[in-house]
Amino acid sequence: MKKRASFGSLIALTLDAAQPEPLYQQLYEQLRGAIVGSRLPGGTRLPASRVLAQELKLSRNTVTSAYELLSNEGYILTRVGDGAYVANILPEDRLLPRKSSKADGPPPAASHPSLSARGRLLTELSVTAGPAQPVPFVADLPAFDAFPLHAWARLMVQSWRQVQPDMLGYADPAGYEPLRELISQHLKATRFLDCVGQDVIMTSGSQQSLDLLARVLLDHGDSVWVEEPGYVGTRSALIAAGARLVPVPVDGQGLLVSAGEMLEPRPRLIFITPSRQYPLGMTMSMERRKELLAFAEKSGAWIVEDDYDSEFRYHGTPLPAVQSLDRTGRVIYLGTFSKSLLPSFRLGFLVVPGYLARAFGNAKSVIDRHPSLLEQMTLLGFMQSGQFAAHIRRMRQLYEERQQVLIQEIERKLGGFLQITQAESGMHLVAELPDGVDDVSFCQAAKSWGVSVQPLSAYYTAEPRRNGVILGFAAIPPKSIVRGVERLAAAVASGQATPPARKLPPGPPVR
Ligand SMILES: Cc1ncc(COP(=O)(O)O)c(C=O)c1O
């Protein structure tokens, strides 16, 4: 039986229960088609799910499932208590290379001057923006739904009230001094860092810290060890600076120093993620930390320690930071508030050996003067009032719960298929696929079922690559985790995600 409805004069919907596609999928596709085809323009308010369900004589769950899929993919934005609106920037607009739109202007004509070689390189390396909403199982995002936005807003207003006239001009390029001091105390207490406030250089996040580091410490053609597999943001910043990347394999104890030494005995910089190797998740052993420090001293290299999410360790005490073991001033520590607070704040920092602090502060002034003073004052208030520590404690518990839900659901619905390999801490899981299943094809198939998983092979620069998937859980509420795993199981059962020999029996029904 066909079911029809129309949104005023904007679009007509026709759903047919006799079709093999579930009704929620038909609804999702028709709405998506109308959004992409601009029949439902950005900013249009969608009818409440209850109203549309009544009009189409469907269950409300069918409509909410379609809305959820659209929202997960970034076609609509849902505001608590205010319904759903068509997004102004669609996922298609976020893809690279970007479609030309009116705002981009016409493509360059042959007579236009061309980009510099550096400009072309930066364009190619562009670090893409992820989905607008926390789609299951997007990695690298914290829980938007649990951030105390009202408390932050209150502190921001308070910060404006405290501003003195002499704070309205340019500020210290290295950052707001009371904040640098407090961050240094926090790092001494939690990560045993050997530092003072003057060593802390505030940045707009790790991406800027990496750019700053590369500009201040590297010359064109300098060789740099990077972990294999590793973080794309680091690689992009280094390649953009003209560095020669030396991918060094990792094992269960972290970076293989002996392998690196054979590949390139005189690197200028060595990048590591020792608290939790990115993306595989193991902790660098104490033995390996000491071996690396001894090698750096012998070869004259700097070590850059990216401590991006060490707050989210669920069991045991963390090992002290590599910087805390360094006696010769060759470790630079990278911190970010993108995981502990929100990525959109663009707040992070470097802790540099004292002798480099002036050089970094001066270089920072050339690049962007300094981060917004107001944001730094708000962060200071958040930390001083104890709300930062409380938020971390809450998120640690929340992320552990979300991780447990994801593990249980995978074991129940995909147990014979996905093999979880690392689940002690952090914000994402790594899982292996059965032999013969290609991770890139698997992730593409998952995407067509509305699930975003990342292929592990994409984090490698060269062969051999491990085949697997990265599943983020920190940003995903438990209900969405359950539905996401159901959809993954349905993708597997449909055979789209697997070679014929590995088809699983049909999974549970997907709404
Ligand atoms: C390894 C690693 N370092 C740092 C960051 C944070 O980057 P930023 O501070 O630029 O947001 C991320 C974010 O995903 C990451 O995965």
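In this predicted model, an N or O atom in the side chain of Thr-336 lies 2.6 Å from an oxygen atom of the ligand. A polar backbone atom of Ser-206 is 2.7 Å from an oxygen atom of the ligand, and for a polar side-chain atom of Arg-346 the corresponding distance is 2.9 Å. The ligand taken alone exposes 400 Å², of which the protein buries 92%; accessible areas come from the Shrake-Rupley method with a 1.4 Å probe, and for residues only the protein chains shown count as cover. The residues surrounding the ligand, that is, those with a heavy atom within 4 Å of it, are Asp-140, Gly-205, Ser-206, Gln-207, Tyr-231, Tyr-278, Asp-306, Tyr-308, Thr-336, Ser-338, Lys-339 and Arg-346. By class, this shell has 3 nonpolar, 5 polar and 4 charged residues (nonpolar: Ala, Val, Leu, Ile, Met, Phe, Trp, Tyr, Cys and Pro; charged: Asp, Glu, Lys and Arg; polar: the others, Gly among them).

Residues are numbered from 1 along each chain as its sequence is written. The model is predicted, with local features requiring pLDDT of at least 70 and side-chain atom pairs counting only at pLDDT 80 or more, while totals for chains, interfaces and linings use all residues; side-chain values use heavy atoms, with hydrogens and water left out.

Helices (H or I, at least four residues) and strands (E, at least two) are DSSP runs, numbered from the N terminus, and two strands pair if DSSP finds at least two bridges between them. Strand 6 (residues 223-228) and strand 7 (residues 244-251) run parallel and are joined by 6 bridges. Within this pairing, Glu-228 stands opposite Pro-249 of strand 7. The chain passes from strand 6 to strand 7 by way of helix 9 (residues 232-240), in a right-handed β-α-β crossover (with the strands pointing away from the viewer, the path from the first strand over the helix to the second runs clockwise). Strand 7 is also joined to strand 8 (residues 254-255), antiparallel, by 2 bridges.

Leu-256 lies in the loop between strand 8 and helix 10 (257-263). Its relative accessibility is 22%, so Leu-256 counts as partly exposed (buried is under 20% relative accessible area, exposed over 50%, and partly exposed in between, with a 1.4 Å probe and protein chains only). The C-alpha atoms of Leu-256 and Glu-228 are separated by 9.9 Å, the two residues being 28 apart along the chain. Lys-413, in helix 15 (residues 387-414), counts as buried because its relative accessibility is 15%. The side chain of Lys-413 makes a polar contact of 2.2 Å with the side chain of Glu-409 (a pair of N or O atoms within 3.5 Å; within protein, one must be able to donate a hydrogen and the other to accept it, and residues adjacent in sequence count only if both atoms are side-chain atoms).

Backbone geometry is described next. The peptide bond from Tyr-278 to Pro-279 is cis, with omega near 10°; Pro-279 is in the loop between strand 9 (269-272) and helix 11 (286-299). Phe-192, although not a glycine, has a positive phi of about 60°. Phe-192 belongs to the loop between helix 7 (177-191) and strand 5 (200-203) and, at 46% relative accessibility, counts as partly exposed.
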